[in-house]
Amino acid sequence: MENVTLNVQGMSCGSCGNKVDGSIRKLEGIEDVQVNVASGEVAVVFDKGQIAVAQVVAAIESHGYVVAK
């Protein structure tokens, strides 16, 4: 399993966090997701053999949020 922490801009409330959490959890290969709206961080544990970080970023950005590079 791999761990990555992403800085997500634009999350401002619990509903935002729930959208991000849900969009990541539905991806295959995701083990765990922890969203911290206050800090703008999303920690993801995933199987890199099944999913790439770019796919996680795409899922987040599909909701209009920006993942800082």
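Which residue of β3 stands opposite Asn3?

Modeller: This is a predicted model, in which local features need pLDDT of at least 70 and side-chain atom pairs count only at pLDDT 80 or more, while totals for chains, interfaces and linings use all residues. Residues are numbered from 1 along each chain as its sequence is written, and side-chain values use heavy atoms, without hydrogens and water.

In β3, the residue opposite Asn3 is Val45. Six antiparallel bridges join strand β1 (residues 2-9) to strand β3 (residues 41-46); strands are DSSP E runs of at least two residues, helices H or I runs of at least four, both numbered from the N terminus, and pairing takes at least two DSSP bridges. The sheet is open and its four strands follow the order β2-β3-β1-β4, paired antiparallel. Its edges are β2 (30-36) and β4 (66-67), each of which pairs on one side only. Helix α1 packs on this sheet, where it touches β2 and β3 (contact: heavy atoms within 4.5 Å), and its direction makes about 170° with that of β2 (N-to-C directions of lines fitted to C-alpha atoms, for helices over the stretch in contact, on a scale from 0 to 180 degrees).

Cys16, Gly17, Val20, Asp21, Ser23 and Ile24 are the buried residues of α1 (under 20% relative accessible area, 1.4 Å probe, protein chains only). Their cover includes β2, β3 and α2. Asp21, placed in α1 (residues 14-25), is buried with a relative accessible area of 19%. Leaving aside residues up to four places away in sequence, Asp21 touches Val33 and Val35.

Notes. Buried means under 20% relative accessible area, exposed over 50%, partly exposed in between (1.4 Å probe, protein chains only).
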